[in-house]
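Have the model open as you read.

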Amino acid sequence: MHLAGGFEPPDALSVPRRVEDSFRRRSASLPAETQLLLLVAAAEPTGDAAVLWRAASHLGIAPEAAAPAEASGLLEIDTRVRFRHPLVRSAVYQGSTPPDRRRAHAALAVATDAHADPDRRAWHQGQAVLGTDEEAAADLEGSAHRARARGGIAASAAFLQRAAELTPSPVVRARRALDAATTLHEAGAFEAALELLTVAAAQPLDELARARLQLLRATIAFHLTRGSEVPDLMLEAARTFAPLDASLSRDTYLDAIDVALITDGRDTVRVAAAAREAPEAATSPRPSDQLLDGLVTVFTAGYAAGAPTLRRALQAFRDESDTARTPGGQSDRWLWLAGRCAVGILDDELAHVLASRHVNLAREAGALATLPAALSSMANVLILSGELARAGELAAESAAITEATGGVPLLHTLVALAAWRGDQATAVHLNQEMLRCVADPDSSDTEVAVGQYAMSVLHNGMGNYAQALAAAGRADETGELGLSNIGPPELIEASMRAGHPDIAASALERFDALATACNTSWALGLVARCRALTSAGPIAEDHYREAIERLSQSRMIGETARAHLVYGEWLRREGRRQDAREQLRTAHQQLSDIGIEAFAERAARELRATGERPRKRTAQPTDALTAQELHIARLVATGATSRDVAEHLFLSPRTIEAHLRNIFRKLDIASRRQLRELQLP
């Protein structure tokens, strides 16, 4: 109800039976007029007392009818209507009869100014209808379009869903049901979307509508199950769209490639080859058209051939003017894929900009279908750049929303976070949990591959190079662009340290070509570090210095620290202990400060071998906070109220208050003012 801006009946909430029965008994004992007034108040979520009294007057209810409800402790009325308990509204609404609900909404429709608040009036009018009513349905559809333009996806979905229910014409009902299902899916209401697809499928549908229905079924299946059959369902829909809507066909081919990258990377080449059948783009290609062309070229003609087109596409997403786009616009839906492709071309600035934009837009629109993936992608970028605390906050938020909406858990980010932190127990546990969630643990599912990449990072940090090599080899089988470029450095380091220079040489040859095509500081710094690990003498030292210089020019502070580490290790083995100490001291400090503990301990061991005692990191009070608690503390420290934080994180204010009590206890403080005075990381 909150996400939909109040444009949902209060019975959409789940009320515990015991609480519901308690409030129902208390309200049932009140006079009939008081019960009806309570129902009117429950049906109007704005709490505007003036609207309540106008509706009450229309029903012939005197103001004195409120007294018994106030005396019973159910609500209070002054300039606002306030229920004494957040669940009273739902209990009252659920306990009423359908005719009484319609009477209440009809009165509220009369009491609501059609010019000042046409959408709320349309909503109440729609709830007052028994049967079908095209005029009310058309008004609700108009409200849905206005809500969508404001970025209110959940409200738009609620309007469209009711509009479909009220539509008398089977043809128009089918279209509205399909539109409502699409919007419900975007809002994260997957089960409700599937129910409306059943309604739409029972109505007369033309070929275009049937293809849209098939595509949406496939998309929802992807969000709920990650099924391997989804790419082929999308390819079939794309072929159907081709003679009917060229842009929609191209978008669906892009969907198919995206899904193939995630569900089975080894299948991506086949799906990309099929996408060559896509209709030609318009004269002025959209960013998504350029992205499709770039990906098709990468997977059918090679990385070097497709990288320039891919870069231009991602720059088009970055440069797209905010004045030329609307919330939920066409380009927004591709930001998840675009951000991952930016990692694929090792462009840290593009990756950060696109991932940040995706999170901001999904959050503003309340798009719960896409927000978890957006948060996860942003967290992945932050992990790679060494901002582990912030990454942990976003990963925790993503997990909480996914659990609430019933989507597939995105555990790979949590595995990567634990691995970079050097938390072996957590990384191993989460990776095993993730493997249990996939249909085939031996597949090239991208989550499985990310988990293997994460384990290679973990074991490289711990010095378990044989295990790191095995994990890196598994990760190297993926078709996901990001892993194709961030994985080889782990493979090369592990194979050299495990005594397999032949594997390292082969991987370096491939990675060198990829990094050259990327031509970014991140890419050139990583490949220089890999060349150094496979070289000897002055040539190796030149590469180590180049790696540090290049990576220092990027956001990748964790990778920069690792470059100092391997350089220091090399210097110590060359007998240059004083030079080694300088590099190892820098590496240990940087790695410790950002929480990359296994690599920090590796640096500490090397420092001790040079005869120097490593500096211990000073414990911080915030170390005791969980990622979610730190996220909440950071928001409250900016002055946000519990309700503000609840809206931001899609939690209840009561849950935020419970978290705050834990935060205060762990930090040994007693007020929000003290929290604001702390230096939070």
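What volume does the second largest pocket have? The second largest pocket has about 1200 Å³. This is a predicted model, in which local features need pLDDT of at least 70 and side-chain atom pairs count only at pLDDT 80 or more, while totals for chains, interfaces and linings use all residues. Residues are numbered from 1 along each chain as its sequence is written, and side-chain values use heavy atoms, with hydrogens and water left out.

On a 1 Å grid over the protein atoms alone, a pocket is an open set of points with protein on both sides within 12 Å along at least five of seven lines, a cavity is a set where a 1.4 Å probe fits but cannot get out, and lining residues have an atom within 4 Å of a point. Grid points are joined across faces, edges and corners, and a volume is the space filled by probe spheres set on them.

Back to the pocket: 44 residues line it, and Arg-148, Thr-182, His-185, Glu-186 and Arg-333 lie nearest its centre. Helix α12 (207–225) gives the most to this lining, with seven residues; helices here are DSSP runs of H or I, at least four residues, numbered from the N terminus. By class, the lining of the second largest pocket has 21 nonpolar, 12 polar and 11 charged residues. Nonpolar covers Ala, Val, Leu, Ile, Met, Phe, Trp, Tyr, Cys and Pro, charged covers Asp, Glu, Lys and Arg, and the others, Gly among them, are polar.

The whole structure holds five cavities of 30 Å³ or more, and the largest cavity has about 440 Å³ of space. Of its 26 lining residues, Arg-340, Asn-380, His-412, Val-450 and Glu-480 are the closest to the centre. Helix α20 (371–384) gives the most to this lining, with seven residues.

The largest nonpolar core has 135 residues, and α20 brings the largest share, 10 residues. Such a core joins buried Ala, Val, Leu, Ile, Met, Phe, Trp, Tyr and Cys residues through side-chain atoms within 4.5 Å, where buried means under 20% relative accessible area (1.4 Å probe, protein chains only). Ile-257, Leu-291, Leu-295, Leu-314 and Trp-522 have the most contacts inside this core. Leaving out residues up to four places away in sequence, Leu-314 touches residues including Leu-291, Ala-338 and Leu-354, a contact being heavy atoms within 4.5 Å.

Key:
Helices (H or I, at least four residues) and strands (E, at least two) are DSSP runs, numbered from the N terminus. Buried means under 20% relative accessible area, exposed over 50%, partly exposed in between (1.4 Å probe, protein chains only).
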